[in-house]
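Colleague: I'd like to learn how to read helix faces, pockets and cavities from a model. Could we go through one together?

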Amino acid sequence: MPEPREPFEPLESYGEEGRAIASTGAGGAADLATAEAETLEGGPGGPGGPEGTGADKKARSLWSDAWHDLRRNPVFIVSALVILFLVVISIWPSLIASGDPLDCDLSKAQEGSQPGHPFGFNGQGCDVYTRVVYGARTSVTVGVLATLGVALLGGVLGGLAGFFGGAWDGVLSRITDVFFAIPVVLGGLVLLSVVTSATVWPVIGFMVLLGWPQLSRIARGSVITAKQNDYVQAARALGASNSRMLLRHIAPNAIAPVIVVATIALGTYIALEATLSYLGVGLKPPTVSWGIDISSASQYIRNAPHMLLWPAGALAVTVLAFIMLGDAVRDALDPKLR
């Protein structure tokens, strides 16, 4: 005797989906199933669709996502072009300035713009345009080398303190507290006043000495956050050494905040070099520097304002470009802003 069948339920009882299938007639269910499969495999949300978010599409890393955003950020593009131009003229200033920044003619002192000399002359008869171009080399060199030194010293010390903790972390924290208590300009006046060298190295050394605590704090906090992630704990459980965990798992994921702060700080170091040179304790003649030119032009601001306008303007544009670049990099690397 055959078993009784369950009573038939109309498709309309399944709601909108049932009515949609019923309205298609014979083969409607198969058509909907086929459409759903195409959506999952190659539709707008699948790997073959315009979004490219399916399984065949490799997920972008933090750095590729950041580069993807930076290329579409006009602030990054403008600031990067300005910085690229500054780097090029720092390496090859003769590309746009054919004169000698130390070639002066006292008979032309404080004169304004002339053919071949668009920025006029300073108090000693030197071409202001040539000195502004050659001054970029000094400022960019000091800023880049000081930033590299600060990032390496502060990043290594802070990263080790955050990873190992304990007494090492406590000692480093107290040392950074001492350096944070030293005013930067006052420290420069005291330390650099006894230096007689006219090179850039004493100024760079001073910036590294007083600048590393900030990067150290940033690196320490970033490493402490990164070492608590599951992949680090898994590597530790599998027997990975401390050096492997630091270099392979923690450092690549903790370096982003250090890069952001260092990029912004680069513009600050350029401004600090100009400030110290203006006060007479930074770079010294015959070195060509925007700070030195601003200092010498300040007493002629009423009679010859062009002597102050051009080096000060070049300094302001350079510092602003690096700060804008740092802001753009921060926005691209900060996952909270996505």
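Colleague: How many residues does helix α6 have, and what span does α6 reach from its first C-alpha to its last?

Modeller: Helices here are DSSP runs of H or I with at least four residues, strands are E runs of at least two, and both are numbered from the N terminus. The expected span of a helix is 1.5 Å times one less than its number of residues. Helix α6 covers residues 166–180, so 15 residues, and its end-to-end reach of 21 Å is close to the 21 Å expected at 1.5 Å a residue. Bear in mind that this is a predicted model, where local features need pLDDT of at least 70 and side-chain atom pairs count only at pLDDT 80 or more, while totals for chains, interfaces and linings use all residues. Residues are numbered from 1 along each chain as its sequence is written, and side-chain values use heavy atoms, with hydrogens and water left out.

Colleague: Which residues of α6 are buried?

Modeller: An α-helix has 3.6 residues a turn, so residues three or four places apart point the same way. Buried means under 20% relative accessible area, exposed means over 50%, and partly exposed is in between (1.4 Å probe, protein chains only). In α6 the buried ones are Asp169, Leu172, Ser173 and Thr176. They sit on the same side of α6 because they cover an arc of only 105° around the axis, where the arc is that of the directions from the helix axis to the C-beta atoms. On the face turned away from that buried side you find the exposed residues Ala167, Arg174 and Val178.

Colleague: What do the buried residues of α6 pack against?

Modeller: Contact means heavy atoms within 4.5 Å. The buried residues of α6 pack against α5 and α8.

Colleague: Let me try another helix. Which residues of α7 are buried?

Modeller: In α7 (residues 184–192) they are Gly187, Gly188 and Leu192. They line one face of the helix, because seen down the axis of α7 they fall within an arc of 100°. Their cover includes α8 and α11.

Colleague: Now the empty space. What separates a cavity from a pocket?

Modeller: Rolling a probe the size of a water molecule over the atoms shows where empty space is left. On a 1 Å grid over the protein atoms alone, a cavity is a set of points where a 1.4 Å probe fits but cannot get out; a pocket is an open set with protein on both sides within 12 Å along at least five of seven lines, and lining residues have an atom within 4 Å of a point. Grid points are joined across faces, edges and corners, and a volume is the space filled by probe spheres set on the points. By this rule there are two cavities of 30 Å³ or more.

Colleague: How many residues line the largest pocket?

Modeller: There are 20, of which Ala151, Gly155, Val156, Ile255 and Val258 lie nearest its centre. The pocket holds about 520 Å³ of space. Helix α5 (128–164), α8 (201–226), α10 (242–254) and α11 (256–278) each supply at least two lining residues, and α5 brings the largest share, eight. The lining has 16 nonpolar, four polar and no charged residues.

Colleague: Back to α5, then. Is serine 139 buried or exposed?

Modeller: Serine 139, which lies in α5, counts as buried at 1% relative accessibility. Leaving aside neighbours within four places in sequence, serine 139 is in contact with Ile270, Glu273 and Trp290.

Definitions and conventions: Nonpolar A, V, L, I, M, F, W, Y, C, P; charged D, E, K, R; others polar.
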